[in-house]
Amino acid sequence: MIEAVISGIGFGLVLTFLTGPVFFALIKTSIEKGFHAGLALALGVVCSDMVFVGAILFGSQYFDVSAQDKIYAGIVGSCVLAGIGIYYIFKKAKINYTNVVPTRMHRAGYFLKGFAMCIFNPTILFHWTIVIGAASTVYHQGVPNRALKIGIMFLTILVVQFGMDTTKAFYADKLRDKISVKFIHRLNQVAGIALIIAAMVILDKLVTHFIFSPPGA
């Protein structure tokens with residue numbers, strides 16, 4: 001069981017720094033709107049991860065998704081990411097220096113933003129597929145308590161990711177009184193550009209293939 005926890009910590013730390021656009025969005029939200037807003041966004045991110053893990057572990061045996069359906073889903077997801085990126089680039093920067101706790105409706109909005117940014121990003125699904133493949137290899141059929149060990153590993157990954165995202169939000173919130181509105185505007189632009197690049201990479205992998213080869217090629 002200790003091995004499963006250690007593996008979960010390792011994968012959790014790696015995955016935390018692989019989701020670049022989400023990282024920028026979390027930092028900018030925490031600086032601009034405060035810790036509670038960043039925490040709500042981080043909760044949306046971890047909930048989308050739970051959906052991915054559940055769908056891969058339990059849904060694959062019930063649903064057969066064709067390659068064409070995956071392409072359509074990827075196109076829709078890339079359009080959503082690009083739309084959020086464009087919004088960030090042109091969004092007017094504001095900083096809430098008074099540290100007012102957002103209303104329930106606003107917290108729900110930040111939660112949905114974090115959830116949507118991840119759930120429509122096929123790259124994150126690809127990351128989880130790799131992790132689940134690695135877990136299935138390490139804890140193969142015949143390993144004692146296989147299901148329990150895999151469950152502990154993924155629970156540890158999710159806890160580590162949420163803990164790291166909460167830590168980022170906390171320290172970004174502490175630094176926001178030292179950060180100018182101009183800096184936030186630049187951070188918005190960086191986050192927007194990162195999302196648009198992610199969308200273009202997904203489209204190229206699935207449709208155009210100017211740089212990346214088709215999946216499985």
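Predicted model: local features only at pLDDT ≥ 70, side-chain atom pairs only at ≥ 80, totals over all residues.
**View 1. Phe-170 is partly exposed, with a relative accessible area of 35%.** Residues are numbered from 1 along each chain as its sequence is written, and side-chain values use heavy atoms, leaving out hydrogens and water. Phe-35, Phe-170 and Tyr-171 form one aromatic cluster. Across the structure there are three aromatic pairs. The ring centres of Phe-35 and Phe-170 lie 6.1 Å apart with the planes at 85°, so this pair is edge-to-face. It links distant parts of the chain, with Phe-35 in helix α3 and Phe-170 in helix α7, 135 residues apart.

**View 2. Phe-111 and Phe-115 make a stacked pair, because their ring centres are 6.3 Å apart and their planes meet at 15°.** For rings of Phe, Tyr and Trp (its six-membered ring), a pair needs centres within 6.5 Å; planes under 30 degrees apart count as stacked, over 60 as edge-to-face, and the rest as tilted. Both residues sit in helix α5, four residues apart, or about one turn of the helix. Phe-111 is partly exposed at 25% relative accessibility, and Phe-115 is also partly exposed, at 24%.

**View 3. The largest nonpolar core holds 33 residues, and Tyr-88, Met-117, Trp-128 and Phe-154 have the most contacts inside it.** Helices α2 (20-33), α3 (35-59), α4 (67-90), α5 (104-119), α6 (122-138), α7 (146-175) and α8 (181-208) each supply at least two of its residues. The largest share, eight residues, comes from α3. Such a core is a set of buried Ala, Val, Leu, Ile, Met, Phe, Trp, Tyr and Cys residues joined through side-chain atoms within 4.5 Å. Helices (H or I, at least four residues) are DSSP runs numbered from the N terminus.

**View 4. A second, separate core has six residues.** Among them are Ile-27, Ile-31, Ala-172 and Ile-179.

**View 5. The model has zero disulfides.** A disulfide would be a pair of cysteine sulfur atoms within 2.5 Å. Worth a look here are Cys-47, partly exposed with a relative accessible area of 22%, and Cys-118, buried at 1%.

Note on methods: Buried < 20%, exposed > 50% of the residue type's maximum accessible area, 1.4 Å probe, protein only.
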